[in-house]
Amino acid sequence: MFDEEALLKELSFKAVKSSGSGGQHVNKVASKIELYFNLNISEVFNDAQKSNIQEKLKNRLTKDGVLILQCDESRSQHKNKEIVIKRFLKLLKNTLVEEKKRVPTKIPRAVVRKRLKNKKYRSEKKANRKKPDID
């Protein structure tokens, strides 16, 4: 599919102070990790794969074709880095999976007959509720 080792070398990371409550520790430690991956200059993927990724991740890419993922689940910078790398690899694997083409199936005759029978039964039931015509 693609070479993970070469792909990991193309990533760049940035440690940022995590937002939210947490007291003194949060205010002085940069444990949040941001992962940056520039799809346009990547050498791991061919043009077809790049266009496929760009199409499927168009809402997550910047105008320059950079994918940015963040993780601040853990208080440890290293754990956050591992988590964001796993998330990144899973995201790319899911985007590169070819979707199976749907093969439309024919509706069986018995199903059509059953539907029409039920339809007729319901219409007769409702017709019996009406007052009879006396002429």
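Two residues are in contact when heavy atoms lie within 4.5 Å. This is a predicted model: local features need pLDDT of at least 70, side-chain atom pairs count only at pLDDT 80 or more, and totals for chains, interfaces and linings use all residues. Residues are numbered from 1 along each chain as its sequence is written, and side-chain values use heavy atoms, with hydrogens and water left out. The chain has five helices and three strands.

**Fold and dimensions**

- Helices (H or I, at least four residues) and strands (E, at least two) are DSSP runs, numbered from the N terminus.
- Along the sequence, these elements follow the pattern α-β-α-β-α-β-α-α.
- The C-alpha trace spans about 90 × 45 × 25 Å along its principal axes.
- The chain has a radius of gyration of 28 Å, whereas a compact globule of 135 residues would have one near 14 Å. The radius is taken over C-alpha atoms, and the globule rule is 2.2 Å times the number of residues to the power 0.38.
- Of the contacts with a separation of 6 or more, 62% join residues 24 or more positions apart.

**Surface and charge**

- Buried residues make up 27% of the 135 residues. Buried means under 20% relative accessible area, exposed over 50%, and partly exposed in between (1.4 Å probe, protein chains only).
- The chain exposes about 11100 Å², and carbon and sulfur atoms supply 50% of this area. Accessible areas come from the Shrake-Rupley method with a 1.4 Å probe; for residues, only the protein chains shown count as cover.
- There are 34 positive and 17 negative charges, and their mean positions are 12 Å apart. Lys and Arg count as positive, Asp and Glu as negative; His and the chain ends are not counted. Each charge is placed at NZ of Lys, CZ of Arg, CG of Asp or CD of Glu.

- Lys86 lies in H4. Lys86 counts as exposed because its relative accessibility is 60%.

**Ser31**

- Ser31 is in the loop between helix H2 (24–28) and strand S2 (32–38).
- Ser31 counts as buried, at 9% relative accessibility.
- Leaving aside residues up to four places away in sequence, Ser31 touches several residues, including Val16, Cys71, Arg75 and Asn80.
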